[in-house]
Amino acid sequence: MKMIQENFLLDKLNTFCVPAKARYYATLEHVEDLEELLSAMRYKDLPFLVMGAGSNLLFVHDFDGIILHPLIKETRLIHEDEHDVVLFAGSGFNWDDWVTDCLEKGFYGLENLSGIPGTVGAAPVQNIGAYGVEVEDFVVAVEGVDLTTGEQLILDNEACHFGYRTSVFKQKGSGSFVVTGVIFRLRKVPEVNLSYPQLAAAAETMRNPSPVDVRRLVKEIRRQKLPDTSVFGNAGSFFKNPLVSKSVAAALQQEFPGMPFYPQPENMAKIPAGWLIEQCGWKGRREGDVGIWKTQALVIVNYGHATGEEILAFSEKICKDVDEKFGITLEREVQVV
Ligand code: EPU
């Protein structure tokens, strides 16, 4: 375990690049080090915040607690047969590096999730999803430690309570559990998922797209739509796509013909928040150093020196407008600290 650092600057550790400090910061390279860390910190009675790449966080204040940054990087092959492999990956791997590594070894399934910023450990917390795939489809179990008891746990897929951009880990709060690794089941036989219309359209002219082709197409779509996080501070989708009843969606569609929506189980419908925000005239709009990205209205960007508070205030104006025009309350995907 590296030394615990005090008054640690987080500016470079959150993809929004907003200024913030943590009272304490500790990296975790081996699960075994956690016991030592917990006993060193327990008496301080401060909250924990587990932080991967900081790609889904917005700091509006300094964090008066302990940031725990897992850097666990080990892999294990747990099982292999002619169809599948079951693999363990430490929570500290960069997500996209892990996807690349799997594809290079001929382990398929994660290709639609290419290019998502963040770490392996954060993937199940958020239940990351894109282009027709959610990580829960490939998660066998999640390993971690309950930070309140110090107990090591393995939660199977069902126990993770995965939902749309959520899981038991998110529901419990990001300071109560640290993911130390994820067990994936991946395919050895390629079976590409082109269910997302935009991806299907991009692959239209290809005869037999491979998982590697899918990765390339996904990365290209992302490049066209989403800001490059290494240039513009952002945290991907700021809001979730709201879920409403089918009758509400149908009534809205009468009033706003052309409103897209995706039918969901149990008579619900998902409406793209990007469309709602765009209709309110926010797409591409900028106020000072905060703005909405020009090709994807779900993404808020820090163009320079915006603070977390400025970004939050900007997002609240958007929520207000969407609520006034459509009667829909947007829910944040980004976690505000
Ligand atoms: N749309 C607009 N204007 C916009 C953006 C979107 O009208 O500015 C409408 C269009 O009708 C478009 C539809 O929304 O066809 C869907 O847009 P897109 O394919 O960009 O997907 P999304 O629903 O806006 C979600 C995820 C993204 C993920 C994409 C692709 C959420 C909150 N966001 O966005 O995830 O990459 O689908 O699967 O579910 C993230 O979570 O950080 C993220 C980027």
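Two strands are taken to pair if DSSP finds at least two bridges between them; helices (H or I, at least four residues) and strands (E, at least two) are DSSP runs, numbered from the N terminus. The model shown is predicted: local features need pLDDT of at least 70, side-chain atom pairs count only at pLDDT 80 or more, and totals for chains, interfaces and linings use all residues. Residues are numbered from 1 along each chain as its sequence is written, and side-chain values use heavy atoms, with hydrogens and water left out.

View 1. The three strands form an open sheet in the order β14-β16-β15, and their pairing is antiparallel. Its edge strands, β14 (243-245) and β15 (262-264), each pair on one side only. Neighbouring strands of this sheet are turned by 35° against each other on average, direction ignored; axes are lines fitted to C-alpha atoms, for helices over the stretch in contact, and angles run from 0 to 180 degrees between N-to-C directions. Strands β15 and β16 (residues 268-270) run antiparallel and are joined by three bridges. Within this pair, P263 stands opposite A269 in β16. Helix α7 (residues 246-255) lies across β14, β15 and β16 and runs at about 90° to β14, where contact means heavy atoms within 4.5 Å.

**View 2. Open four-stranded sheet β1-β2-β5-β3.** The order of the four strands in this open sheet is β1-β2-β5-β3, with mixed pairing. Strands β1 (5-9) and β3 (48-50) form the edges, each pairing on one side only. On average, neighbouring strands are turned by 45° against each other, direction ignored. Strand β2 (residues 21-28) pairs with strand β5 (residues 63-70) in the parallel sense over six bridges. In this pairing, A26 stands opposite L68 in β5.

**View 3. Hairpin of β6 and β7.** Strands β6 (residues 75-80) and β7 (residues 84-90) run antiparallel and are joined by five bridges. The hairpin passes from β6 to β7 through three residues. L77 is placed opposite L87 in β7.

View 4. The protein chain is divided into domain 1 (5-70), domain 2 (75-187) and domain 3 (233-336), with bounds from an automatic or database domain assignment. The centres of domain 1 and domain 3, taken over C-alpha atoms, are separated by 29 Å. To the contact, domain 1 contributes 13 residues and domain 3 contributes 16 residues. The two domains bury about 1,200 Å² between them, 61% of it on carbon and sulfur atoms; buried area is the accessible area (1.4 Å probe) that two parts lose on being put together, summed over both. In domain 1, F16, N56 and L58 lose the most area to domain 3, together 52% of what that side buries. Zero salt bridges are found across this interface, a salt bridge being a side-chain nitrogen of Lys or Arg within 4 Å of a carboxyl oxygen of Asp or Glu.
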